[in-house]
Amino acid sequence: MTQPESRLSSQAFIEAVKHPERLVDASLSQWDSIIRLAKRSNLIGRLAEGVYAAGVLERMPPEVQTHLKSARALTTHQRQAIAWETRHIGHALGGLNVPLVLLKGAAYAMADLAAARGRLFGDVDLLIPQTVIHQAEAALMLQGWATGRTDPYDDRYYRRWMHELPPMTHQKRGTVIDVHHNILPLTARNSPSAERLIQDSVPIPGTGFRTLSPCDMVIHSATHLFHEGELQNGLRDLFDLDALLTELPRGREAFWETLIARAEVLDLSWPLFLALRYTRLVVGTDIPAGVEDAMRKSAVPRGLSLRLLDAMYLRALKPDHALCDEGTTGIARFLVFLRSHYLKMPMGLLVLHLGRKAFMRLFKNTSRSV
């Protein structure tokens with residue numbers, strides 16, 4: 001597409017993704033901005049899926065159809081690749097005789113949830129008991145996965161403080177698996193009980209895998225997003241939450257009451273409150289009346305006022321593209337980065353860690369960004 005860039009508000013872009021049937025009269029200039037933002041925010045597949053579902057592909061300009069057909073082909077291939085990859089992972093780890101709980105995108109895909117439709121995947125996230133984490137790493141290495149070259153400090157940081165192994169890449173297929181033993185770092189101020197999460201997980205029919213329970217799936221998605229320091233996929237994750245909060249309550253009486261109570265048990269009420277707030281404000285998710293107020297009463301603020309968090313997240317959750325940048329967007333993203341590290345570890349460890357990372361970036365440029 002060769003039209004020059006034109007500004008498009010982030011809200012207009014969100015509406016385009018949610019209601020692609022309204023785009024049949026959009027100009028090439030408008031589509032140029034929409035495609036750019038969709039690719040940058042990893043929502044191009046979801047946009048394409050919406051266009052196909054609405055049956056309006058043939059009413060789009062030929063130049064636009066090319067992008068959408070390509071995106072749909074890619075997401076279809078990735079769904080198939082996830083199914084293939086999980087079979088290999090199940091074969092590698094089957095001998096451990098422990099629950100294998102898929103997280104986020106892989107879980108959505110294998111459970112055939114609406115959140116997986118049109119979603120682009122970066123890796124496979126897996127939760128297993130901490131007691132077998134080293135056996136799992138060895139078993140995966142025997143089947144071709146490896147952590148690759150990592151800075152000794154970063155490797156030690158992962159293994160001592162984090163909630164996962166360093167990412168493992170398959171030496172032939174290039175696929176990546178993140179093996180977790182919790183959903184937050186061990187040093188986090190509100191790291192939940194992984195045993196509870198695993199105990200309440202549910203099987204995926206026809207596979208050897210499990211997913212988190214419906215409420216825990218929402219809470220994990222919320223926790224991941226609002227403990228994250230870099231939000232390149234922040235808007236995509238909000239769309240994931242929107243899909244989960246639309247689909248999962250159906251047919252489940254007292255879903256919202258159970259969700260609120262479960263977040264309290266896991267000490268994750270605050271990230272869930274933020275998820276409900278920003279899916280409503282940014283994506284327009286339909287949250288039942290009173291749920292957000294109930295969450296506000298049970299949620300304990302983590303360090304910053306809600307007014308400041310609004311100023312940060314309502315900017316940082318926009319697509320990371322010049323078309324959506326405001327003068328303060330960079331500051332907002334930097335504050336989100338600092339907040340994420342503040343939540344991950346105690347202040348003393350935080351100062352030492354960020355100080356070392358800054359030193360390595362400035363003088364050696366060899367350390368991974370953790």
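Predicted model: local features only at pLDDT ≥ 70, side-chain atom pairs only at ≥ 80, totals over all residues.
Let me begin with the overall picture. The protein chain holds 16 helices and seven strands, and of its 370 residues, 52% count as buried. If we take the contacts in the chain with a separation of 6 or more, residues 24 or more positions apart account for 70% of them.

The largest pocket has a volume of about 1,100 Å³, and 41 residues line it, with D123, E164, D178, H224 and E228 lying nearest its centre. Several elements give two or more residues to that lining, namely helix 5, at 104-110, strand 5, at 176-180, helix 9, at 214-226, helix 10, at 234-247, and helix 15, at 329-344. Which of these gives the largest share of the lining? That is helix 15, which contributes four residues. By class, the lining of the largest pocket divides into 14 nonpolar, 15 polar and twelve charged residues.

The second largest pocket has a volume of about 480 Å³. Of the 17 residues that line this second pocket, the closest to its centre are K18, R46, A114, D242 and A243, and the elements giving two or more residues to its lining are helix 1, at 10-18, helix 3, at 44-54, and helix 10. If you sort the lining of the second largest pocket by class, you find seven nonpolar, two polar and eight charged residues.

Helix 3 brings me to the next topic, which is how this helix meets helix 4. The axes of helix 3 and helix 4 come within 8 Å and cross at roughly 105 degrees; an angle of 65 to 115 degrees counts as roughly perpendicular, and the two helices are therefore roughly perpendicular to each other. On the side of helix 3, the contact is made by I44, G45, L47, A48, E49, V51 and Y52, while helix 4 brings L68, K69, A71, R72 and T75. Taken by class, this contact has seven nonpolar, two polar and three charged residues.

In the loop between these two helices, where helix 4 spans 62-93, we find L57. Is L57 buried or exposed? With a relative accessible area of 8%, L57 is buried, because anything under 20% counts as such. Leaving aside its neighbours within four places in sequence, L57 is in contact with V51, Y52, Q65, L68 and K69. The C-alpha atom of L57 is also separated by 9.0 Å from that of E21, a residue 36 positions away along the chain.

Staying with helix 4, I would point you to T86, which is found in that helix and is buried, with a relative accessible area of 0%. Not counting residues up to four places away in sequence, T86 touches L102, M110 and F209.

How values were computed. Residues numbered from 1 in each chain as written. Heavy atoms only, no water. 1 Å grid on protein atoms, 1.4 Å probe; cavity = no way out; pocket = protein on both sides within 12 Å on 5 of 7 lines; lining within 4 Å. Points joined across faces, edges and corners; volume = space filled by probe spheres on them. Nonpolar A, V, L, I, M, F, W, Y, C, P; charged D, E, K, R; others polar. Buried < 20%, exposed > 50% of the residue type's maximum accessible area, 1.4 Å probe, protein only. Contact = heavy atoms within 4.5 Å. Axes fitted to C-alpha atoms, helices over the stretch in contact; angles between N-to-C directions. Parallel < 35°, antiparallel > 145°, perpendicular 65-115°, else oblique.
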